[in-house]
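Hello,

Here is the structure we talked about handing over. Please load it first, then read the notes below.

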Amino acid sequence: MSLAASLRAIVGDTHVLDRPAELLVYESDGLPGYQRTPSVAVFPGTADEALAVVRTLARAGVPFVPRGAGTGLSGGALADGAVLLGLNRLKRIIAIDPVRRVARVEPGVVNVTLTKAATPFGLHYAPDPSSQTACTIGGNLAENAGGPHCLKYGVTLNHVVAAKVALPDGTVVELDSDDGGYDLLGAFVGSEGCFGVALELTVKLTPNPERIVTLLADFTSIDDAAQTVSAIIAAGILPAALEMMDQATVGAVEASIYAAGYPTDAAAVLLVEVDGATVGLDDDVQGVDGICRAHGARDVRIATEPAARARLWQGRKKAFGAMGRLAPHLVVQDAVVPRTKLPALLARIAAIGDENQVRVCNVFHAGDGNLHPNIPYNANDRDEAARVHVAMRQIMQACIDAGGTITGEHGVGLDKLPYMDALFTPDTLDGMCRLRDVFDPLRRANPGKVVPVRYCRERRPATATTDGGRRTDDR
Amino acid sequence: MTLRPDSVAELAAFISDAASARRALRLVGRGTWLDADEAVRDAEPLALTAFDGVIEYEPGDLTITVGAATTLAELDAVTAAHHQWCPLAPWGGDTGSVGATISTATSGPFSHALGLPRDLVLGLECVDGTGKVLRPGGRVVKNVAGFDLVRLMTGAWGTLGAITRVSLRLRARPAADETWHLPLDATRADEVQQELRRSMTPPIACELVREDQLSGAIADGLLVRLAGNAAVVAAGRADLQRRADARAADGALWTTLREHAPSRVPRRPRSPAVQALNREVKHAFDPAGVLNPGILQ
């Protein structure tokens, strides 16, 4: 029986795709500019089916790439001839426990769907990537996804309590933050599909704030806006979100259907959200307002009504989409720098853009120092594509030189592989490979991602793990 | 005899030699409160005391990088000068080292509200059981580059690597900060603790205390720490006074409480499958089994 036939026997005929025209849909994820075609795409409908698929792939010794909603921004869900394992049909919310404030979900549950299900209990799922209306909790786990509100509430790592995981060899393990031994759950979060597939997750739910206030401050100097970011944090105020957009981004947003009423003549705008209990909140709002004005803000708009707040947020959340109007392709970056280096880095990024004659649109989580310098361009214009490539390398190097990192929330995937050895020593990269080999000694899960292959030495695993040789936790 | 390397290179050489000779090593930070379990006592002590002091501290970034042997007291003093702090404050007190706190993932009274050690570590440097120097993570507050060796080393009890430096997340010290004592019987204290932790303005710490545990310093009940802006703390204070005969208490009691806490002990994973994974992790980073042998295995 062919592999596709074996998979059809598990999930049914309609949930296995192997015709080229069907597979075309799965040749890209959320990052434009890469195409890789899987050999087969399989979409199990239950956790049992997913496990049977993983075990079938293990027996066949076939590489596979797990995929949630395919909204990732690092090329992490691209399957180059491998089997694409789509988990988006596993979308059951198994249980919500409002007392313990946790939810048990399948990996294909859409981020915002969980929040909607938790709303009647006055709770929500805090990590909120901009793709939250489409991306899945399982994908969030694999990428250790962030989002604007992670400044106050933390990233996915801080919200996952336990995960039932199918290792690539078909072994099932229950990773629990409360268990003894090594923090294997912590190691699994953000492993980008290279350590296996989560079949079920237990995540924390966060109480909804009593009151939310969103402020929009506009600046005539990007440097003033950047200085304001550090001043707010230094004052001891911890906003729920602290976002910056530069003039290029504001222009793109305002020209699109996502227009949010941002001032297009501003050099930069800061979107600041303060939330929590009603008591004491106004003091923080006044604090932020005062700091913005003291640092040269022309105007500070304060929105408290849901509709007005949603409008201010719309432009930010849809900024990547709005950039789609500027050019057919978009390079998306995700570097992080120490917060105090933001003013210098933004100046350096502007200079790099000028030198290479490319247009950089900055939209980012300023409070975390998590930059998204994006460059819209036409990949078919070879000269422009080459200049974009040079500019990106220079920006990444500048961020690394400033003591930063190459990705804060999107993951390494395929796109950021070339920067890994500028950031880590060969021994550190080898250590990462050793950790991967514990979970996947045959290196079949999402092969070729995260750590450049040349840093992964050949080695023999501690114990034989072929044919599901490890003991499986009772299910 | 105690080995006392002066540099990371020397530490790497010591571990590499020990691995070749299959000589067991027992990692020692300040040697004050990490006694792990009996098994490692027979091994040769490897003192990490040379890796001491602040390496990089830019207060505006709210991050700090310190040598692993830096004491918690020093971390507190250095950050206090800039009106900041690191909420690690582990059970056991302030004489232990940052490295031991991270190695044992020892939490403290602020962990519930402000994060566990795994939530506060941004990056680290360590020498694994093969003598290789690993530098995963970084010093920025958000970082998903590569597989997470930082979380792996946090709570590994020095069985995978000897931690030499740690980068940590800091917080601004709150504008208002008060400690209150609520005399309550055990059942009621437990209920109030749950209610306070679930309130809209949870205290940053809220611990059950027993008179005998604190050498009679205060009566049985709850020790509560309110922090935030003045309005938040005032509202919290009023709430406590509604619930019980709340009395202002000395903030130093938190240190006393931490010093009186029992040491954390290493635990093995519950299930055979996870135990098997643990063994493979140990084998991957310490194939000769020389670092703190016996612990967690």
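This is a predicted model: local features need pLDDT of at least 70, side-chain atom pairs count only at pLDDT 80 or more; totals for chains, interfaces and linings use all residues.

Chain A overall

Start with the fold of chain A. Chain A has 16 helices and 18 strands. Its radius of gyration is 23 Å, close to the 23 Å that the globule rule gives for 475 residues, so chain A is as compact as a globular protein of that length. Along the principal axes, the C-alpha atoms of chain A fill a box of roughly 70 × 55 × 40 Å.

Burial and contacts come next. Of the 475 residues in chain A, 60% are buried. Take the contacts in chain A with a separation of 6 or more: 72% of them are between residues 24 or more positions apart.

Now the surface and the charges. Chain A carries 46 positive and 55 negative side chains. The centres of these two sets lie 4 Å apart.

Cysteines

How many disulfides does the structure hold over all chains? There is one. C433(A) and C456(A) form it, with their sulfur atoms 2.0 Å apart. The torsion about the S-S bond of C433(A) and C456(A) is about -55°, so the disulfide is left-handed. C433(A) lies in helix 16 (residues 426-439) of chain A, and C456(A) lies in the segment after helix 16, so the pair ties together parts that are 23 residues apart in sequence.

Are the two partners buried or exposed? C433(A) counts as buried, at 1% relative accessibility. C456(A) is buried too, with a relative accessible area of 11%. Buried here means under 20% relative accessible area, so both values qualify.

C292(A) is buried at 1% relative accessibility. C399(A) is in no disulfide. The nearest cysteine sulfur to C399(A) is that of C361(A), 16 Å away. C399(A) is buried as well, at 1% relative accessibility.

One site in chain B

Where is T159(B)? T159(B) sits in the loop between helix 6 (149-153) and strand 8 (161-169) of chain B. T159(B) is buried, with a relative accessible area of 0%. Leave aside its neighbours within four places in sequence. T159(B) is then in contact with Y182(A), K282(B), D286(B), L291(B), N292(B), I295(B) and L296(B). One of these contacts, Y182(A), is in chain A.

Best wishes

Note on methods
Residues are numbered from 1 along each chain as its sequence is written. Chains are lettered from A and ligands numbered from 1 in the order in which they are written. Side-chain values use heavy atoms; hydrogens and water are left out. Helices (H or I, at least four residues) and strands (E, at least two) are DSSP runs, numbered from the N terminus. The radius of gyration is taken over C-alpha atoms; the globule rule is 2.2 Å times the number of residues to the power 0.38. Buried means under 20% relative accessible area, exposed over 50%, partly exposed in between (1.4 Å probe, protein chains only). Contact means heavy atoms within 4.5 Å. Lys and Arg count as positive and Asp and Glu as negative; His and the chain ends are not counted. The place of a charge is taken as NZ of Lys, CZ of Arg, CG of Asp or CD of Glu. A disulfide is a pair of cysteine sulfur atoms within 2.5 Å.
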